[in-house]
Amino acid sequence: MKNHNMLDFKKKERIYQNKKNYIYKINETYGISTDKEYLLFNPYIHYWVKLDEIGKFICEILNEGKSLTKLKEEIINKYSINIKTFKRDVFPFINELLKHGFYKKNKVNRDGKREKNNQKINMNNYPFNDLYIRLTDQCNLNCIFCFNKDKRKIKKENNVSEDLLIKAIQEFKKLGGNRVVFTGGEPTICESKLTYLGKTAKNIGLKTSIITNGTLLSKINLNKLILYIDQISISLDSTNNKILRELWGTSRYKFEDINDSIKKIDLLAKKLNKKLLITIMPIVTSLNIDGVVDIIKKVSNNINYCKYTWSLNKYGKIKCKNVDKKLNVNEEKYSKILIDNYDKLYDKKLNSVKATLTKENKIQAFSKPKKTTCAPSFFIITNGDVFPCQGFELDEYKLGNINNNSLKEISLSNKFRKLILDLNINNIKKCKKCELRYVCSSYCPAEGYKETDEFSPSSDKLKNCKDVIIKLMWLKTIT
């Protein structure tokens, strides 16, 4: 039986772009040391694929709407290949692009249904990904960039009960929640509460994570904690102890001690056969920006068993003029550092990359394209107040309090629903015409709101956001 999805190069058949394909040249624009590589991206299907020069040439011809017969002639003449090679390499490649929707056998209007559907957000099926719980406002550091300084100074906290936190965790699970993240202050100060709540969350099928400065990891029972935690995110800001003292406001803790704790965690995870994820999350400031690669390199040398990731977080202004002036990082320099860091961290993989036409090409997609700039869920602070996330811990975005409201009630509130609709990517003025908007994660809308009262990224961030996103897309094709 004939397969109608397959192409017949004997006929003057044509295929057409599915609305619009974009081709990005990687090696010149995005600072990657690869030889003549490209990305083909279709924002209407949310797929992309790495191309070499031949693949790019094929797609350019297809984008022009030339016949397949004409394509075959041009490829054979340009690259001096025979029919056998063409059928073996080019034919399957084009069929693969057709199969994934980059091209169609019929012309497709760019204002088609798929694009319009992406503007809709179904609140009844909203992805409640993360529940953040601030276990304490207390912290053993005195960071000059801390956004929580005032609360950190309070000696007696009005903490919500553990029973109510357990109830909230259970409610979050019923809402379809995925993960609980314990934060502070410094959450390891509350070791028993952290372990108990982590155990509760794990027992009902939720993933668990903590965000810590890492300085107290050597003083707590890691054997017990690791059993109930899936991810440890460490805010480690430098390998230089002088810079740490200046940023952290204390000389009590050294990089070497934290790095030793990370090594111990890796060994314990192996002993317990626990698949733990370790994430290093430096706050990038003017003081440490030139050393962020060194942090990640030195820490990674100690991790042999656990999974390992890293996440750079640009310093966000805290409305203290002296501190902001001292630590602020130019957006252009930050983006350059970010791109350069990716290159250095992926050196080994970059050296082994081969841009081939068929087998090595890896078609990528997000299973669920982004419909909002972010997907906030709930952030519970120490007194039980609930906000959409840490970034939106603002009076105007207080959603309720778990002493008085269930998370389900809060999720149905007009205030929460309005925020989600406001964050619809097609409602963000500066982003709604960008073809990368459904895969973008290059800025925090809360930061934009604090700076401009809008959810749009700042003008500085817009200068380089495309470079960063395309770089990330390219890396996904090789990792």
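Are Y126 and F128 buried or exposed? Both Y126 and F128 are buried, where buried means under 20% relative accessible area, exposed over 50% and partly exposed in between, with a 1.4 Å probe and protein chains only.

## The model and the chain

This is a predicted model, in which local features need pLDDT of at least 70 and side-chain atom pairs count only at pLDDT 80 or more, while totals for chains, interfaces and linings use all residues. Residues are numbered from 1 along each chain as its sequence is written, and side-chain values use heavy atoms, with hydrogens and water left out.

The chain has 20 helices and 17 strands (DSSP runs numbered from the N terminus: H or I of at least four residues for helices, E of at least two for strands). Of its 479 residues, 53% are buried. Among contacts (heavy atoms within 4.5 Å) with a separation of 6 or more, 72% are between residues 24 or more positions apart.

## Aromatic rings

Rings of Phe, Tyr and Trp (its six-membered ring) pair if their centres lie within 6.5 Å; planes under 30 degrees apart count as stacked, over 60 as edge-to-face and the rest as tilted. The count by this rule is 14 aromatic pairs. In one of them, Y126 and F128 have ring centres 5.0 Å apart and planes at 70°, so this pair is edge-to-face.

F128 also pairs with F416: the centres are 6.1 Å apart and the planes are at 15°, so these rings are stacked. Because F128 sits in the loop between α5 (113-117) and β6 (130-134) and F416 in helix α17 (residues 414-422), the pair ties together parts that are 288 residues apart in sequence. Both F128 and F416 are buried. Ring pairs join Y126, F128, F172, F378 and F416 in a cluster.

## Two helix pairs

Now for the helices. The axes of α3 (residues 68-79) and α4 (residues 83-100) come within 11 Å and cross at roughly 125°; axes are lines fitted to C-alpha atoms, for helices over the stretch in contact, with angles from 0 to 180 degrees between N-to-C directions. α3 and α4 are therefore oblique to each other (under 35 degrees is roughly parallel, over 145 roughly antiparallel, 65 to 115 roughly perpendicular and the rest oblique). Here L71, K72, I75 and I76 of α3 meet I83, F86, V90 and I94 of α4.

Helices α7 (residues 162-174) and α8 (residues 191-203) have axes that come within 10 Å and cross at roughly 30°, so α7 is roughly parallel to α8. On the α7 side, E162, L165, I166 and I169 meet K193, Y196, L197, T200 and A201 in α8.
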